[in-house]
Amino acid sequence: MTANVQLLSYSLAAVAFLVLALLLVAGNRHRDLGRILVVAAVLSAVWAAGLAYDATGADLRLSRVIVLEFAFDGAWLLFVAALMREAIGSTGMRILRYGGVLLAAGLFVCGIVIEAFPSLMLVSAGSLLVYGSLSTSLFGLVGIEQIYRNARSRERRGLKYLAVALGGVFAYDLFMYSSAVLLGEISELVWGTRGFVVASCVSLIAVATRRTASWSVSIFVSRQIVFYGATLVAVGAYLILVGFAGYLIRRAGGDWGAAVQVVFSSIAFLFLSILLFSDRLRAGFRVFISKHFFENKYDYRQEWLRLIDTLTSPGDELSLQKRGLKALAQIVGSQSGLLWLANADGSGYRCATSWSTPPHDYTIAADSSLPRFLERTGWVVERREYDLAPDRYEGLDLAESSVDFLDFEFAVPLLNDSALLGFVTLSDPESRVGLNFEDHDLLKTAGKQIASYLAQEIATEQLTENRQFEAFNKLTAYIMHDLKNLIAQQSMVVENAQRHKNNPQFIDDAIETIKGGVVRMRRVIDHLSQRSAERPVERIELGKLVMQAVSQCADREPVPRAIVEDGHVWVRGDRDRLLMAVYHAIRNAQDATPSEGSVSVELKRNGAECAVHVVDTGSGMDRDFIENRLFKPFDSTKGTVGMGIGAYQIRETLRMSGGRLNVDSTPGAGTRLTMTIAIESPSDAGSGDGT
């Protein structure tokens, strides 16, 4: 029974020291103390494994036990000596520091000599082991006491666990070998249970290492090696426990003990096989290894500062959208990418900008699986992982027609207040490295930060737009004030006309007054496009309205040409606003087209809708202008002549009527502006007069 206790106790100690060594190696810092600590842990694992092997019946010679014992003692005394290096001062301290190490080294050499040349042994191997171990234990205890007593208060936080652990190991040895001196032999029970005591102290050493950063080491070990090594250690510990449990079952089972042991062992091996082949368990174990055995992959302070600097760099001429896209691409090393933002009406996501790749003209529908998945989960989509294991992305279908044109490796959501403001698609980096949980967390966090900046920019633009409208309303008030003065002047002329109509001077003054008023009113008409906000909705014959707008614009070159299908096309809306929208569309086409060009206005039916197409052969517009400037109020390309609200008014008028506006333009070739509105059904026709 004692041999079995010894086997289990020292086996657990070997596993514990091996795990400690893996933890230390994964620390990845440049410190001499860390290297010594790793050596001590590895030698301790070898020491415990050797004594466990001895318990199997191998019956190690005493000389080999001496070698193992003083290799174990010497390794930890060397670590204690390294900790004392800051406290060197007196000769006594030097003896304390180096004496134990030299003594253990000498005894280690003696063990080797006894093993190789037994005839040279001057003292018994037992006496060498007992009295030598008593001496090294005393050196260890005194050294630990000196280190802790002379440490600064802030350093004792980690040292106290080390002092308890190593002090416990050396104190146990001192007790065991002192009892051997008194009793004449080493107690088998104390020797056998020693492994349990040492194994329990390993956890305290690990805590002390965690709290004292300077003990970590600079050895690099890949996560794969640590994963398989840790798996091997875990499997080994599991098998030891199964073997010990099987032994107890056999001892306690009587005649059925052997059979029950076989069944138990078979079930245990089957369960182990299930665990080893579980993809979910392996993935979770990898994450556990990465989180708890390794330091962070990123210096998050530096990553955060770099992100903020990229987004707020005042000297960068790139737009905020491009800077945000660039920042995400830098994290994974992608060479190109696209940024998709939600449309104002929420119908889908358009390509707002691109990085090192041409932008897309497509719009991804809001109800397609990719944006819905990103908004629902907030996950980063990794295309290669999706291709290998699509079941991990439940509800995502990258083969559907709305997104199958996309060629990307990563899709990062831009979430703002749990709403999907947009997303970024990134290309495959040149040096392909699979993303781990830290990459995903960093990309998601950076995406949220970028989304907050973009949302703030959009809100700022809307606020600026509202303030511009407020300023425009104030300008309108000033113009109305001028109109009031003009009316007052005209009223005075009318009131005095009957009395002074035969006075030539009065006639001249009246004509001059009227002339000045006409000039000012023309200026008001040319610049004032704001009408009353509340207008009645009425039934409109659209063909007649189109012909009226074309007629009003026929005073300029190129003269617009109307193409209207036969039959009446009835719609509902604000007639004055709708007429002004068509009028503005024609005028804008005339402004952009030379006199030798052409402007045509065509009314067509399309099922339950009708469309007014205003087509010109003018200068055209590029995509960037259409997306970012055409519908921005007060952004005019006509200088002081235009106010920059014509296109904006057209779009808003159509939206108020339940319609929509589409612009298709090519620089140097011309523009097609399409105004689409629903046709009034017969059941919706009112009893009021049509126009």
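Predicted model: local features only at pLDDT ≥ 70, side-chain atom pairs only at ≥ 80, totals over all residues.
Residues are numbered from 1 along each chain as its sequence is written, and side-chain values use heavy atoms, with hydrogens and water left out.

Q: What makes helix H12 largely enclosed by the rest of the structure?
A: A residue is buried under 20% relative accessible area, exposed over 50%, and partly exposed in between (1.4 Å probe, protein chains only). Helices (H or I, at least four residues) and strands (E, at least two) are DSSP runs, numbered from the N terminus. In H12 (residues 320-332), 10 of the 13 residues are buried, so the helix is largely enclosed. Among them are Leu-320, Arg-323, Leu-328 and Val-332. After H12 comes Gly-333, with a positive phi near 80°.

Q: Why are strands E3 and E4 said to stand at the edges?
A: Two strands pair if DSSP finds at least two bridges between them. The open sheet has six strands in the order E3-E2-E1-E6-E5-E4, paired antiparallel. E3 (363-365) and E4 (381-382) each have a single partner strand, so one side of each is left without a neighbour in the sheet.

Q: How do you know that E2 and E3 pair?
A: Strand E2 (residues 348-355) and E3 share three bridges in the antiparallel sense, and the definition asks for at least two. Thr-363 in E3 is the bridge partner of Arg-350.

Q: Which strands does helix H13 touch?
A: Contact means heavy atoms within 4.5 Å. H13 (residues 369-377) packs on the sheet and touches E2, E3, E4, E5 and E6. Its direction makes about 115° with that of E6; axes are lines fitted to C-alpha atoms, for helices over the stretch in contact, and angles run from 0 to 180 degrees between N-to-C directions.

Q: Why is the pair Asp-173 and Arg-194 called a salt bridge?
A: The term requires a side-chain nitrogen of Lys or Arg within 4 Å of a carboxyl oxygen of Asp or Glu. The closest N and O atoms of Asp-173 and Arg-194 are 3.0 Å apart, and the pair forms a salt bridge. Asp-173 lies in helix H6 (residues 156-183) and Arg-194 in helix H7 (residues 188-211), so the pair ties together parts that are 21 residues apart in sequence. Both Asp-173 and Arg-194 are buried.

Q: What makes Asp-428 and Arg-384 partly exposed?
A: Asp-428 has 31% relative accessibility and therefore counts as partly exposed. Arg-384, at 37%, therefore also counts as partly exposed. Asp-428 and Arg-384 form a salt bridge, with their closest N and O atoms 2.9 Å apart.

Q: How do you know that Arg-660 and Glu-609 meet in a salt bridge?
A: The N to O distance between the side chains of Arg-660 and Glu-609 is 3.1 Å, and the limit is within 4 Å. Arg-660 lies in strand E12 (residues 660-666) and Glu-609 in strand E11 (residues 609-616), so the pair ties together parts that are 51 residues apart in sequence. Arg-660, at 47% relative accessibility, counts as partly exposed, as does Glu-609 with a relative accessible area of 25%.
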